[in-house]
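Visitor: Hi, I have a new model open and would like to go through some of its parts with you. Could you take me through it slowly?

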Amino acid sequence: MNKIVTRVMCILLATLAGVSLPAWAQWEASNRADLVIRGGWLFDSQLGARRANPGISIRDGRFVSVNSVGGSVSNAMVLELEDDDTLIPGMIDLHAHYNLDLVDKGRVEEVANNATVLLANGVTATWSAGEYYPERVIAQRDRIDAGEAIGPRLFASGPYFGSFRCEYNVGVHEDECIGWPNDITDAEIRSEVDYWAEQGVISIKIKQASPGEMAVLIDQAKRHRMTTAAHLANYEVEYDVELRDAILMGLDRVEHQLTLGSGGERSAEMPQMIEMMLTHQVYYDANLQMYGGILERRKYPEMIWADEARYFTPYARELLEKRGEPPPESDAEEYAQRVREVKALYDAGGEDLLIIGTDEPVYTSLLPGFAYHRELLAMSYAGIPNAAILKAATINGARALGIDDRVGSIEVGKLADLFVAKGDPLADIKRARDIRWVIKSGTVYDPSELLDSAEDSIGPAGPDDHAAWELKLRALREAN
């Protein structure tokens, strides 16, 4: 059982027995009371501005007053902020893969400790952008929602919708995949969407689908009021579905890139694609830290500031060290084109369409929770103002996923998801990673304790513990 959950259970038992609690336990037990946060500053994600915080009140996991302390505070837990602290709405990772390839047998989900690391970094909600073991994500989602585990709000995506269900065994949508056969019928596609909607999936990821398949997927998703995101390019540096076609089909979010390659003739399409995205209000998730990856980390050493390897088991660390550094996801010219695209969309008036996602399927000892702050840095290096980056991380992400009535801003009635950063992230985006407290549904977490609870936890324990870390492809149809 999660160490922090165990501690909370011990607090409850001690309280019932009338036992005097130590200081740390009194702190955690008081999370059940009303919470008041006074002083410091507050980032208003609706306005994209930082302003003084007169005080906010939280009751039953929701904001009940903002800009003043409503009602009596005599029975409330009070957090007094330092003069330069900044309250920021909980951040949302719109491309939060929980899968890792640690034994060279494909990517599989690890949702317990990855989730803890994400929460410790101020990420209070994630959408997983394609899963190989969806049942693991949904089970952990349910445990978190029931208070039996610690982590962000897990908005599951279900499996990939398209032939990428067979991972890198396919390169283009025409390649055969047992999980998404070339002769898949419209009825089977609609049935798949129906099934995952019943499991509580509110948004699906399309990758390596044909144009006809994508049209059916988007149509059926809309019937369930689900949003859609897509990775449109294939591994032959072509589009499985052209961006303009996907937009006209009603796609809600585009991943990675707006044009193919590193420039040239295809880049001439960029102004038209941006105009279409603005017209149709299509969100853009550039994932710069993944595609800049190694090259950016070499250029900017400040992108690595923590020992992320310590969250893997000692055996997994050995495997990763033997594997060594993978090649860059894109060369310098291609990456420069991606930077041009995200900046061009912003300059054209697309600030509200920018969202933040890490796209960090783990092949190295670097984890998505820390990668989220690398993405904030990469956006800053691309010339996006810090206020716009924080909007992308909060309210834009909530709107893109259709959950802005619940999260994304510090407003009365919304779920009390936020974190306290030491300093002003509008002056220096790196301040957002220097976190004093993380608060989810009004419960206060010490990020250092969250991180300590995940140490030495991710990956197989040894050579005999590989089975759960190997991807086993699943057929869409039952064998005769």
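Visitor: Which way do S2 and S3 run, and how many bridges join them?
Guide: Strand S2 (residues 41-44) and strand S3 (residues 49-52) run antiparallel and are joined by four bridges. Strands here are DSSP runs of E with at least two residues, helices are DSSP runs of H or I with at least four, and both are numbered from the N terminus. Two strands count as paired if DSSP finds at least two bridges between them.
Guide: Before we go on, this is a predicted model, in which local features need pLDDT of at least 70 and side-chain atom pairs count only at pLDDT 80 or more, while totals for chains, interfaces and linings use all residues. Residues are numbered from 1 along each chain as its sequence is written, and side-chain values use heavy atoms, with hydrogens and water left out.

Visitor: OK, and what is the bridge partner of Asp 44 in S3?
Guide: The partner of Asp 44 is Ala 49. The hairpin of S2 and S3 has four residues between the strands, and Gly 48 takes a positive phi near 70 degrees there.

Visitor: What about S2 and S7, parallel or antiparallel?
Guide: S2 and strand S7 (residues 85-89) run parallel and are joined by two bridges, with Leu 42 having Leu 87 of S7 as its bridge partner.

Visitor: Let's switch to the open sheet; in what order do its four strands come?
Guide: The order is S13-S14-S15-S16, and the pairing is parallel. Strand S13 (203-207) and strand S16 (283-285) are at the edges with a single partner strand each, so one side of each has no neighbour in the sheet. From one strand to the next the twist averages 20 degrees, where angles run from 0 to 180 degrees between N-to-C directions and axes are lines fitted to C-alpha atoms, for helices over the stretch in contact.

Visitor: And which residue of S14 stands opposite Lys 205?
Guide: That is Ala 229; S13 and strand S14 (residues 227-231) pair in the parallel sense over five bridges.

Visitor: Now S18, why is it called largely enclosed?
Guide: Five of the six residues of strand S18 (residues 435-440) are buried, so S18 is largely enclosed by the rest of the structure. Buried means under 20% relative accessible area, with exposed meaning over 50% and partly exposed in between, using a 1.4 Å probe and protein chains only.

Visitor: Which strands pair with it?
Guide: Strand S17 (residues 418-422) runs antiparallel to S18 with four bridges, and Leu 418 has Ile 439 of S18 as its bridge partner. Strand S19 (residues 443-445) pairs with S18 in the antiparallel sense over three bridges, and there Val 438 has Tyr 445 as its bridge partner. The hairpin of S18 and S19 has two residues between the strands, and Ser 441 takes a positive phi near 50 degrees.

Visitor: Changing topic, is Ile 274 buried or exposed?
Guide: Ile 274, which lies in helix H8 (residues 270-280), is buried, with a relative accessible area of 5%. Not counting residues up to four places away in sequence, Ile 274 touches Leu 258, Glu 341, Ala 344, Leu 345 and Ala 348, where contact means heavy atoms within 4.5 Å.

Visitor: Last one, how many Å separate the C-alpha atoms of Ile 274 and His 466?
Guide: They are separated by 45 Å, and the two residues are 192 residues apart along the chain.
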